[in-house]
Amino acid sequence: MSSVLPLSPHHAGQAAPDPIGIATALAARLAETANARDQAGGHAAQEREWLRESGLLTLSIPVQFGGQGAPWTLVCQVIRILARADSALAHVFGFHHLQLAGLQLYGNAQQQRHLLTLTVAERLFWGNALNPLDRRVTAQDTNDGYLLDGIKSFSSGSVGSDWLTVSAWHAPTKTALIAALPTRQAGVQVRPDWDAFGQRQTDSGNVHFEQVFLPSDLVLQAPAQVATPQATVRSQIAQLIMTNLYLGIAEGAFEAARRYTEEQAKAWFASGVDKASDDPLVQHRYGQLWLLLRPAQVLADAAAQELDTVYRKGSLITAQDRGQLAVAVAEAKALAHKAGLEVSSQMFELTGARSTSAQYGFDRYWRNVRVHTLHDPIDYKLRDLGRYALSGTLPEPTAYS
């Protein structure tokens, strides 16, 4: 297993991009139509092109391959900024970078150079078909590779993608392989059939494979290959991306509620004040929500810093490193989960009946975070943290922990 190439500083003489400024401007642009697009559902083709044109798709790619070499702390900040305005597009963006991380964690040096350089040169958008719990896609041995058949569900970002990261079950070894494939390869059919009540534009439908040839040089992790601690870091990147999605939704909901309370909410007649924001009970409740947000923000940032520290070790990552990272990420995700659900729900108690009008679309915050927080059960994160608190036992490496 190759080590992850270290991030390099920007080349001298070149103007360094401002990812935070770019993301902030893009988020404002997405916010203008976020409610209408949420109601419409479907594929946000134009908005995905805005993401492509922004240059942010190369953010996590090392400078050696033409990317921006940003640390995960910065990538997570961008995800959170986008999620405040449009959590579906932030999801697609975050999962694009998850696939790029997989190339660096699983792929050999030649695969990394080829696929990451190609991504920069052709401004590729990556989608996910690597659902580890769905074993319906099978890999059959053939000359110089495998034939893939079956269906992969929860394939976020697959619609409109250029390449996919794929997992397939290999029956002879009773293990899964992991590979990269062009989305438009013969036999691959991406179906836009995602119909959840939230995260409606994440392009997370089913991908069908029918006698799809997978060449051996695109296999990132072969069947029966034992995963190293480095390779298992992918699940922690996925979990941290979700953490920042939840947190971004919570921040977006809090700001929407705050602005509505300041500008439109009516003071309750028994409060004795003229403005809703001057009501001490309203202020008390906002204080409670703030104390849900702040610890979640602190732990999310700390987990991202821990990820950077571990990720840069490459092939030198130990099981202890990986386990301590899993604890930090579980802490952050558990609090972001709670903050997202509570803020997006309680905001209506503070903004009142008029705020439920469809013109505001405030319900999308709760619907989006409720759908996404079901990705994997929070109780198992709490169990892992309980075990660690009681006996110092680190979380067992799985695709979710």
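Which helix holds both R367 and D363, and how many residues apart are they? R367 and D363 both lie in helix α10 (residues 363-372), four residues apart, which is about one turn of the helix. This is a predicted model, in which local features need pLDDT of at least 70, side-chain atom pairs count only at pLDDT 80 or more, and totals for chains, interfaces and linings use all residues. Residues are numbered from 1 along each chain as its sequence is written, and side-chain values use heavy atoms, with hydrogens and water left out.

**Overall fold**

- The chain contains 11 helices and eight strands; helices (H or I, at least four residues) and strands (E, at least two) are DSSP runs numbered from the N terminus.
- The C-alpha trace spans about 80 × 50 × 50 Å along its principal axes.
- Of contacts between residues at least 6 apart in sequence, 77% join residues at least 24 apart; contact means heavy atoms within 4.5 Å.

**Surface and charge**

- Buried residues make up 55% of the 401 in the chain. Buried means under 20% relative accessible area, exposed over 50%, and partly exposed in between (1.4 Å probe, protein chains only).
- Lys and Arg count as positive and Asp and Glu as negative, while His and the chain ends are not counted; the place of a charge is NZ of Lys, CZ of Arg, CG of Asp or CD of Glu.

**Salt bridges**

- The structure holds 20 salt bridges, each defined as a side-chain nitrogen of Lys or Arg within 4 Å of a carboxyl oxygen of Asp or Glu.
- One of them joins the side chains of E47 and R37 at 3.5 Å, N to O. This pair links distant parts of the chain, with E47 in helix α3 (residues 45-54) and R37 in helix α2 (residues 34-40), 10 residues apart. E47 counts as buried because its relative accessibility is 10%, and R37 counts as buried at 9%.
- The side chains of D301 and R80 form a salt bridge at 2.8 Å, N to O. This pair also links distant parts of the chain: D301 is in helix α8 and R80 in helix α4 (residues 72-85), 221 residues apart. D301 is partly exposed at 34% relative accessibility, whereas R80 is buried, with a relative accessible area of 8%.
- Within helix α10, the side chains of R367 and D363 meet in a salt bridge of 2.8 Å, N to O. R367 is buried, with a relative accessible area of 15%, and D363 is partly exposed at 35% relative accessibility.
- A network of salt bridges links E49, R52, D162 and R184.

**A buried arginine without a salt bridge**

- R234 belongs to helix α7 (residues 233-263).
- R234 is buried yet has no salt bridge, and the nearest side chain of opposite charge, D376, is 11 Å away.
- Apart from neighbours within four places in sequence, R234 is in contact with L98, Q99, G102, L105, Y106, N128 and L130.

**Surroundings of E306**

- E306 lies in helix α8 (residues 280-311) and is partly exposed, with a relative accessible area of 28%.
- Residues touched by E306 are Q324, L325 and A328, not counting those up to four places away in sequence.
- E306 and T73 are 233 residues apart along the chain, and their C-alpha atoms are separated by 9.1 Å.

**Surroundings of A176**

- A176 is placed in strand β5 (residues 175-182) and counts as partly exposed at 32% relative accessibility.
- With residues up to four places away in sequence not counted, A176 touches A168, W169, H170, A222 and P223.
- From A176 to V166 the C-alpha to C-alpha distance is 9.9 Å, and the two are 10 residues apart in sequence.
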